[in-house]
Amino acid sequence: MAQNITDMSKSKKHSILLVEDDELDVISVERSLKKLDDSYELHTAYNGKEALSMLKSGHLFPDLILLDLNMPKMNGIEFLKAIRQDEQLKNIKVFIMTTSGEMSDRSMANQLGISGYIIKPLNFNNNTKRSDSMDAFVQFHIRKIFSDTGQ
Amino acid sequence: MFRTGEYIGSRYFTAMKLSHQILLGFSIVIILSLVDSYTNYLLSLKVRQNADFISRSETIIRNSSQLHKSIIEMQSAFRGYLLTHDSTFLQLYEKGIVQVPTLMAVQRSLVTDSAQVNLLNNINRLHHQWLNYSTALINAKKDALGNRTSEAKYNNLFETRLRKQVGKKLNDEITEKFNEFDRFEYNNRQTRGKLLISSIEQTHKFSFLFLSLTIIVGLTSTIYIFRLISTRIASMVKVAEKISKGDFSIVKDTRNDELTGLSTSLNVMSAKLSKNISELEKRNSELNQFAYVVSHDLKAPLRGIYNVVHWIEEDLGNELSPQLAKYLNIIPQRTKRMEDLINGLLDFARLRERTTAEVVDTYQIVKDIAELLIPRDFTVEIGPLPDLYAERIKVEQVFINIISNAVKYTNRPDGVIRVSSRELGEFYEFTISDNGMGIDPEYHEKIFEIFQTLREKNEKESTGIGLAITKKIIDDQHGTIRVESEPEKGASFIFTWPKILPI
């Protein structure tokens, strides 16, 4: 297991785990990531349970988790709690995606340790008709995260 | 005040109705006054009695002197006749014989005291004794004037000077009795006088007592009742104030009197208001929830649809046939229209967020809107516009709707749009006019109705809600809106807005 982890972190490909139940939102994230220069390996789980089992299986050690907070079957906060309690998983960077109204969720997540948040709806900008926010988010934040960690 | 007494008394007292309590207080005061008056009345009777007694007493004394004087005169007459044989003395004497009994009788009728009656009787007896003695001597003297034998008889009588001493003794005794009589009378008077003074003093004391009681009872009951009523009323007023501020408390009223009816009504009203307000609040929160659902959950799928179309365009834009591109393009149009409709409905139902009133620079708003909405080649004239004190977003909406309407229906390159205003009493009147295609008078009312639009639904975005919303906003401000227009002659939208924010 430890061997795997070291190998993973040496590879140039950053891997991102996306935990999101809405199909369209998944596509949206995929498309935005594709526009970046670096290539990222994107893994998707459609709910918290699935994501947790993927992580615990040992085959997946992402550099970043993009976490949607309101999902059925184990919502975002529960998932976050679960991984923060796990020795192996607790240090993974997490970005949460949340709707504008859920301040309480954001502060709860903040207490559990997150690197930032983005407000949904993700990418529909009525006036400019472009996928502004997601692209911007991806290009700025994600690049920044990975450049900060030196890889 | 007097704690224990008041407590005991008040337990009975407070069970009574207010009117009874007031009546009781007044009754006590009146009774005390009556008792006081009665006491004084009794005193006045006593004084009158005393006056009568005094005048009677004076008569008695007067009579007594007169009687004594008559008796003494008789005595003088008797002596005089014996000495001078003058018949005038005899006349006097005989006058006295008649006068004395008369006077005596009068005195007897006036005198009531047994001691005094005894004295009078004694005087009478003594006087009769003297009469016997004096008459004998006088007769003897009369006879003696005739012949010698009678003179001897007279002398004999005279000789018995001892008898004169007897007469004198009798007279002295009589005098003494008179003096005693008078003294008695004077004593009586004095005693009576003292009694009267003490009665007066007593009455004064009673009067003062009653007066004090009256004042105390009067004041106490007034203050008590006043405090009672005013605290009750004050507590009701306080509750009423609380209710007006939205705190639906109730009046605690444990008594059961006239004021209780009022408290009950107040409490019923408070309860009803409370119930209504909480129902309204519940409805309001239900509506807010509804608005949330509508705005988020209804619009979300639209966003999804738009996204997908956009992605297709992004990925396959070059590969699409024009026909396909055209079809594809229709989708965002329709989804946008739906989103506009949803937003419009939310606006119409005023389910969007409330804003607060502020001073609004109308001129600046209109200028900004004009820049945004009016095509460059149009002529725009904006006259001076007054500041308004209103919710900014509402003012913006009204102008946006009307101006965009003007633009929509002015289909000529030399379009002219004018915005002006003037004062109209308590309102400002705004006029937005264009030189567009105008509106047939037939439709002047209809255009303000919801979903009425004079154009085809797919020509230019027209949801038919804009003017309805505008009219609603203006109606809420208690203003008016109308249109002046004829076909091909442009249109003027004229509306009023109050100078002061209506409550």
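The legends below describe close-up views of a predicted model.

Residues are numbered from 1 along each chain as its sequence is written, and chains are lettered from A, with ligands numbered from 1, in the order in which they are written. In this predicted model, local features need pLDDT of at least 70, side-chain atom pairs count only at pLDDT 80 or more, and totals for chains, interfaces and linings use all residues, while side-chain values use heavy atoms, with hydrogens and water left out.

**View 1. Overall composition of chain B.** Chain B has 11 helices and seven strands; helices (H or I, at least four residues) and strands (E, at least two) are DSSP runs numbered from the N terminus. Of its 503 residues, 36% are buried, that is, under 20% relative accessible area, with exposed meaning over 50% and partly exposed in between (1.4 Å probe, protein chains only). Among contacts (heavy atoms within 4.5 Å) with a separation of 6 or more in chain B, 72% are between residues 24 or more positions apart.

**View 2. The open sheet of chain B.** Five strands, in the order 2-4-5-7-6, form this sheet with mixed pairing; two strands pair if DSSP finds at least two bridges between them. Strand 2 (379-382) and strand 6 (481-485) of chain B stand at the edges with a single partner strand each, so one side of each lacks a neighbour in the sheet. Neighbouring strands are turned by 15° against each other on average, direction ignored.

**View 3. Strand pairing and helix packing in chain B.** Strand 2 and strand 4 (residues 416-424) of chain B run parallel and are joined by four bridges; B:Thr379 has B:Val416 as its bridge partner in strand 4. Helix 9 (residues 362-373) of chain B lies across strand 2, strand 4 and strand 5 (427-434), at about 170° to strand 2. Helix 11 (residues 466-476) of chain B touches strand 6 and strand 7 (491-498), and its direction makes about 30° with that of strand 7. Axes are lines fitted to C-alpha atoms, for helices over the stretch in contact, and angles run from 0 to 180 degrees between N-to-C directions.

View 4. B:Leu42 is found in helix 2 (residues 18-84) of chain B and is partly exposed, with a relative accessible area of 37%.

**View 5. Strand 4 of chain A.** Five of the seven residues of strand 4 (residues 93-99) of chain A are buried, so this strand is largely enclosed by the rest of the structure. Strand 3 (residues 64-68) of chain A runs parallel to strand 4 of chain A, joined by five bridges. A:Leu66 has A:Phe95 as its bridge partner in strand 4 of chain A.
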